[in-house]
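Student: Can you walk me through this model? I'd like the core, the helix packing and a few loop residues.

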Amino acid sequence: LLMERARCDLLEAVSRAGLFSEARARLVMRQLLSALCYLHGQGVLHRDVKLENVLVRDVADASPRVKLCDLGHSCLSSSEWCMGATVTDGFLGTEGYAAPEVAHDGHVWAAEADLWSLGVVLYALLANELLRYKNGAPDISTKTSRAFAQASTSIKMLVKAILQMEPAERLPIGAIREGIAELLPGPGAEGLGGAAGEDDGL
């Protein structure tokens, strides 16, 4: 079995370099969105998207290549069992990344929970910290993080649109991809609209 060599995970990359530039964060998101689009298209929910589950091949590169890994908690989006996991198995995700709805008794996992976790990853790249909460809701005001306050208005609005408490109000994955594509200049936006391929992040 031959695999690409990863230098570290994304948590370690952020620890080494501090917050990512907005351009690098967008490129990472492009690849992770492609990976999630592929998984969701195959009827698979990842359920544990977090910095530690993103492998980075080129840490110092201005255009890092990343791969979403660790499908140990993944399950089918239908009610079928797969390797002991199902959408109603009670898995709560990882603290700090899990969508608020997964903590409720009887919760049924859905794709929107993966999108919340992806939004947390994007926030962490821009703010160099995980979300803080105030009165039970994510506090993503510019007063909370000085680093996040320096991000462009467009990407801050995108983060807020992803991190909606109600799953039905979260920006769908297609709209997130379009938002990232619009923020990527010129050639950086290539490959966003099609099927999983070289930049699929898996």
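Tutor: We'll take the core, then the helix pairs, then the loops. This is a predicted model, so local features need pLDDT of at least 70, side-chain atom pairs count only at pLDDT 80 or more, and totals for chains, interfaces and linings use all residues. Residues are numbered from 1 along each chain as its sequence is written, and side-chain values use heavy atoms, with hydrogens and water left out.

Student: Which residues touch the most other members of the largest nonpolar core?

Tutor: L10, F20, L32, V121 and L125, out of 57 residues in that core. A nonpolar core here is a set of buried Ala, Val, Leu, Ile, Met, Phe, Trp, Tyr and Cys residues joined through side-chain atoms within 4.5 Å. Buried means under 20% relative accessible area, exposed over 50%, partly exposed in between (1.4 Å probe, protein chains only).

Student: Which element gives the largest share of this core?

Tutor: α3, with 12 residues. Helices (H or I, at least four residues) and strands (E, at least two) are DSSP runs, numbered from the N terminus.

Student: What does F20 touch?

Tutor: L10, A13, V14, A25, V28 and L125, not counting residues up to four places away in sequence. Contact means heavy atoms within 4.5 Å.

Student: Now the helices. How do α2 and α3 cross?

Tutor: At roughly 165°, with their axes coming within 10 Å. Axes are lines fitted to C-alpha atoms, for helices over the stretch in contact, and angles run from 0 to 180 degrees between N-to-C directions. α2 and α3 are therefore roughly antiparallel to each other. The cut-offs: under 35 degrees is roughly parallel, over 145 roughly antiparallel, 65 to 115 roughly perpendicular, and the rest oblique.

Student: What is the handedness of the crossing of α2 and α3?

Tutor: Right-handed. A crossing is right-handed if the near helix is turned clockwise from the far one by less than a right angle, and left-handed if anticlockwise. On the α2 side, the contact residues include A25, V28 and L32; α3 brings L118, V121 and L125, among others. By class, this contact of α2 with α3 has 12 nonpolar, one polar and two charged residues. Ala, Val, Leu, Ile, Met, Phe, Trp, Tyr, Cys and Pro count as nonpolar, Asp, Glu, Lys and Arg as charged, and the others, Gly among them, as polar.

Student: And α2 with α6, at what angle do they cross?

Tutor: Roughly 155°, with the axes within 10 Å. α2 passes α6 in a left-handed crossing. The residues of that contact divide into eight nonpolar, two polar and three charged.

Student: Loops next. Where is N53?

Tutor: In the loop between β2 and β3. At 5% relative accessibility, N53 counts as buried. N53 touches H46, D48, K67, L68, C69 and D70, leaving out residues up to four places away in sequence. The C-alpha atoms of N53 and L10 are separated by 7.5 Å, though 43 residues apart along the chain.

Student: Is R47 buried or exposed?

Tutor: Buried, at 2% relative accessibility. R47 sits in the loop between β2 and β3. Its phi is near 75°, a positive value in a residue other than glycine.

Student: What about phi of D70?

Tutor: Near 60°, a positive value in a non-glycine residue. D70 lies in the loop between β4 and β5. At 38% relative accessibility, D70 counts as partly exposed.
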